[in-house]
Amino acid sequence: MQHRQATVIGAILAVMVVAVAVSLLVSLGILPAYNPGFSHPKSTATYVPQPCPPNGAKTVDVTTIEKINVYNGSETVGLAATVQQELEEAGLTVTSANDWPGGIYSGEVQIMASKGGLTNAYSLAQIFPKSTVQLDKSLSDDDTTVSVVLGKEYLQNALKSDEIKLLGAGKPITAPSDCVPADKVATKKPS
């Protein structure tokens, strides 16, 4: 009886050790994992052309932007607060971090500003890869407030605090190839 128990328990422990070893190898990327092909959903964001930055605009030091709002437009709890903390560690001034009043934003990251805040918005866009800049018609044209809307496709791939500190200022802002002049942009709240 004891021999049979020892054999069964020994076999179970051996299987568990093998399972842990395989799991470790997969999580470290040493052993490839099966990819069923449906793990990355297609983007459901609707395309709105970005406004062109002002002619000859150069980036500003992102730590000098006075008002930055961070909004969580995803279903991930606490996302805006997490990004707020990361930005503040880099020396940026975040005035609020809340849920996006427009509900769920289906894109990755949308940075919104008035016409007067476009230079700030394009400067801040350096921090968020694949972000888009849009005009916020709810702001007056001279308001320099910038709002960052984190969408449900946000991959938490913003620059880290030490990388943000290296951005500097005075780099020419390259206009997106399909941008439209800010006066002609049809604005729409993120959906």
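Glutamine 134 lies in strand S4 of this predicted model, where strands (E, at least two residues) and helices (H or I, at least four) are DSSP runs numbered from the N terminus. At 3% relative accessibility, glutamine 134 counts as buried; buried means under 20% relative accessible area, exposed over 50%, and partly exposed in between (1.4 Å probe, protein chains only). Leaving aside neighbours within four places in sequence, glutamine 134 is in contact with Val48, Pro49, Gln50, Pro51, Gln110, Ile111, Met112 and Ala113, contact meaning heavy atoms within 4.5 Å.

Residues are numbered from 1 along each chain as its sequence is written, and side-chain values use heavy atoms, with hydrogens and water left out. Because the model is predicted, local features need pLDDT of at least 70 and side-chain atom pairs count only at pLDDT 80 or more, whereas totals for chains, interfaces and linings use all residues.

**Overall architecture**

- The protein contains 4 helices and 5 strands, and from the N terminus on its elements run α-β-α-β-β-α-β-β-α.
- Of the 191 residues of the protein, 37% count as buried.
- Among contacts with a separation of 6 or more, 82% are between residues 24 or more positions apart.
- The protein exposes about 11400 Å², of which carbon and sulfur atoms supply 59%; accessible areas come from the Shrake-Rupley method with a 1.4 Å probe, and for residues only the protein chains shown count as cover.

**Nonpolar cores**

- The largest nonpolar core has 33 residues, of which Leu87, Leu92, Ile111, Leu124, Ile127, Phe128 and Leu150 touch the most other members.
- Two or more residues are given to this core by each of strand S1 (68–73), helix H2 (79–89), strand S3 (109–113), helix H3 (118–124), strand S4 (132–135) and strand S5 (146–151).
- A second, separate core of 5 residues includes Tyr71, Trp100, Tyr105 and Met112.
- A nonpolar core is here a set of buried Ala, Val, Leu, Ile, Met, Phe, Trp, Tyr and Cys residues joined through side-chain atoms within 4.5 Å.
- Isoleucine 127 is in contact with Val62, Leu87, Leu92, Ala158, Leu159, Ile164 and Leu167, neighbours within four places in sequence being left aside.

**Helix H2**

- The buried residues of H2 are Leu79, Ala80, Val83, Gln84 and Leu87.
- These residues lie on the same side of H2 because they cover an arc of only 130° around the axis, the arc being that of the directions from the helix axis to the C-beta atoms.
- The buried residues of H2 pack against S1, strand S2 (94–99), S5 and helix H4 (161–165).
- Just after H2, glycine 91 takes a positive phi of about 100°.

**Disulfide**

- A search of the whole structure finds 1 disulfide, defined as a pair of cysteine sulfur atoms within 2.5 Å.
- Cysteine 52 and cysteine 179 form this link, with their sulfur atoms 2.0 Å apart.
- The pair links distant parts of the chain, 127 residues apart: cysteine 52 is in the loop between helix H1 (2–27) and S1, and cysteine 179 is in the segment after H4.
- The link is right-handed, with 90° about the S-S bond, and both cysteine 52 and cysteine 179 are buried.

**Annotated N-terminal span**

- An unreviewed UniProt entry carries the annotation "transmembrane region" for residues 12–34; UniProt positions are given in the numbering used here, feature names are shortened, and annotations may be inferred rather than shown by experiment.
- In the model, residues 12–34 are 70% helix and 0% strand, and the end C-alpha atoms of the span lie 25 Å apart.

**Loop residues**

- Most residues other than glycine have a negative phi.
- Lysine 130, in the loop between H3 and S4, has a positive phi near 65° and is exposed, with a relative accessible area of 66%.
- Glutamine 156, in the loop between S5 and H4, has a positive phi near 55° and counts as partly exposed at 49% relative accessibility.
- Lysine 115 lies in the loop between S3 and H3 and is partly exposed, with a relative accessible area of 28%.
- Not counting residues up to four places away in sequence, lysine 115 touches Leu135, Asp141, Ala182 and Asp183.
- The C-alpha atoms of lysine 115 and proline 53 are separated by 8.7 Å, although the two residues are 62 residues apart along the chain.
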